Amino acid sequence: MTRRLLPVLAAVALLVVADPARVPAQTGPDGGATIELVERPPWVSPVDEVTFLLATSGDVSAAAVQVEVFSTLDSAAELEDAATEDVGVRLSRSAPVPVGELPPGRDGTRAVSLRVSPEPVDGETVQLVEPGVHPVVISLLDAGGAEIDQIRTPLVRLADDAEEQEAPDLAVLLDVAATPTLQPDGTRAIEPAELRGLSRIGDVLGAHPDLDLSVAAVPDTVDALGTLPDPAADELLGLLADRPLLSVPYLPVPLAPLIDQGVGGLVAPLVDRGEAVLADRLGASPDRSLWTDRSAVGSEGARLLDGLGFDSVVVDAAPDPDREDDDEPAPLADAGPRPLEGISGLQGLVVDPVLSEELASAAGDDVDAGHVALARLLLRPVEDPDGDDAATVLARPGELDADPVLGRLLDLLDDPAAPVRVGGLDLVDTVIDGDAGAVDPPAGGPDVADAARRVLAGAGQLDSFERLIGTTSSRADDLRLQVATALATATPDDRRDAAVGVVEEALGSAFGNIRLSGQTDLNLTSRRGSLPVTVENANPFPVEVVVRTRSDRLAFPAGGHLPVTVGASDVLRIDVSVEALATGSVPVFVELWTPDDAIRLDTRRLNVRSTAISGVGLVLSLGALLVLVVWWVRNWRRTHAAKGAGAGRDPETTSEPMG
């Protein structure tokens, strides 16, 4: 909270402390009588009678009650001053009426009534000329006319058909959100304090079924509520099922930091999953229009949201640095929509954070809390860049205290005669005026950089893991929810680190539990045969893997890419068909991959000794043998022919020719 908001909150605190209607009346200085406001009307019509019910304590037998009405207040600062002192012109002061002569009300109370009119009527009727907020002072006097105790309360005089009353519309955005519920062990938990806070939101929704209150229900929270054996959780889910809901990612995530870290692709699946959960749990069809996370969006994030169908983003109104009067509560911020500074494609819906905090605070036993909140709405001007009197103020109360001021205010405004109209974001005009001032986009957000880097490096293998275990398994989805928890806006740092650790450990274990085994030295005694390859799966679930084989001197007739399924905690032997291209020692490389060919799970080298003659070797050998046979036959024939010729001559009968 900025320093400029502190004076406003201090003033609110002063109002709470100083207004006797906000604190039970204390015993008088002499230990005698006191009065306390028990019930009062929310407003008064131009011609009307208004009745206040008072509770008395102590000895009031000699005491009397007197009522004063003052002129309309001009500002919220005057409203705060009127809690402790007379402000404006006194329009009426009634004659003191003994307490015993006051008409009895309910449960032992005493009734004090005022008649009002815009025109002079008689001495007892208070003339309230115009609409506005009038301070009313109810004093308890002793027998001598001295003040014993006092109640100060604002009274709203309504307009009629001939008059106008400047009053903003009020849009309310309620967040049904707990700290991310998924634990590292896979269970879900909502802290009791958070569950009580969610129940208070349910109380507001249940008390005002006809008011169009916008609801942003975080699907992770809805998922957890559906697992709790708690009647309050079931009741809240039933109330949400009857409400139009905004589309929220499964867990709100800081858009710009995720995109900067390269994991922006996770956003769309989170949005889709969130809508699927709300549809499954609540039967809802969420409205995908408003991005409700308040962290940084950025220009790339705006393009992403625009592509996903979002057209607006929630932003908090920033304090005006040029504002000089810190004693006057800041003007209410007009909700817009307005263009986002430096970002196209998205509009900004502006939340008034001061009003939101006021409405979330506890009313306690203050019967006047809702009336004071209504008076403040009417007296604080709306900072409207369009200059449009029919402005809308957007409150996003966040976590509600027990019996919040919001509940008291809505009790008053859940009435067709209310000067302030209440509804959801449909009150916001969807047409942007070109002259409207731009607002800065959401900034800041949690530091998720380290978690995002780890997700990108390790948990980014989730797609491969899903292909490994099959799409019918929910294990990959469970790990994706841990990733979402790690990157969510509201996750504490220790849980963020633990969630990423769960994913990294699960993936590392699953991939590491799949390996190749068996013999590495093998003999191939024929030209065609098979090599045994053994795949071990130590995981408690079946896996689908791909066995790849390659070798320079062996061919694989069925191809070197063989998909196989290995059962849970099973060992599978497969025979890979091979054909020898050479003899001798032949290296064969076997690899194990995920089905998407993205992650190599294991690799193994087989040493195969091939003693078979290949087709080429056989042809060469036969050719050489044929040459040898031809040579030998020819040589034998030549030799045999020579021997035959020598054997045909008789050396003894041979003589020299005669001369």
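Reader: What makes the group around Trp291, Phe465, Leu468 and Val545 the largest nonpolar core?

Author: That core has 88 residues, and these four have the most contacts inside it. A nonpolar core is a set of buried Ala, Val, Leu, Ile, Met, Phe, Trp, Tyr and Cys residues joined through side-chain atoms within 4.5 Å; buried means under 20% relative accessible area with a 1.4 Å probe, protein chains only. Helix 14 (residues 475-487) supplies the largest share, 7 residues. Apart from this core lies another, of 61 residues, Trp43 and Leu282 among them. Please bear in mind that this is a predicted model, where local features need pLDDT of at least 70 and side-chain atom pairs pLDDT 80 or more, while totals for chains, interfaces and linings use all residues. Residues are numbered from 1 along each chain as its sequence is written, and side-chain values use heavy atoms, without hydrogens and water.

Reader: Why is strand 10 called mostly covered?

Author: Happy to explain: 10 of the 11 residues in strand 10 (residues 147-157) are buried. A strand here is a DSSP run of E with at least two residues, and a helix a run of H or I with at least four, numbered from the N terminus.

Reader: How do you know that strand 9 and strand 10 pair?

Author: Two strands pair if DSSP finds at least two bridges between them. Strand 9 (residues 132-141) and strand 10 have 10 bridges, in the antiparallel sense, so they meet that definition. Leu140 stands opposite Asp149 in strand 10. Strand 2 (residues 43-44) is joined to strand 10 by 2 bridges and runs parallel to it, with Trp43 partnering Val156.

Key. Buried < 20%, exposed > 50% of the residue type's maximum accessible area, 1.4 Å probe, protein only.
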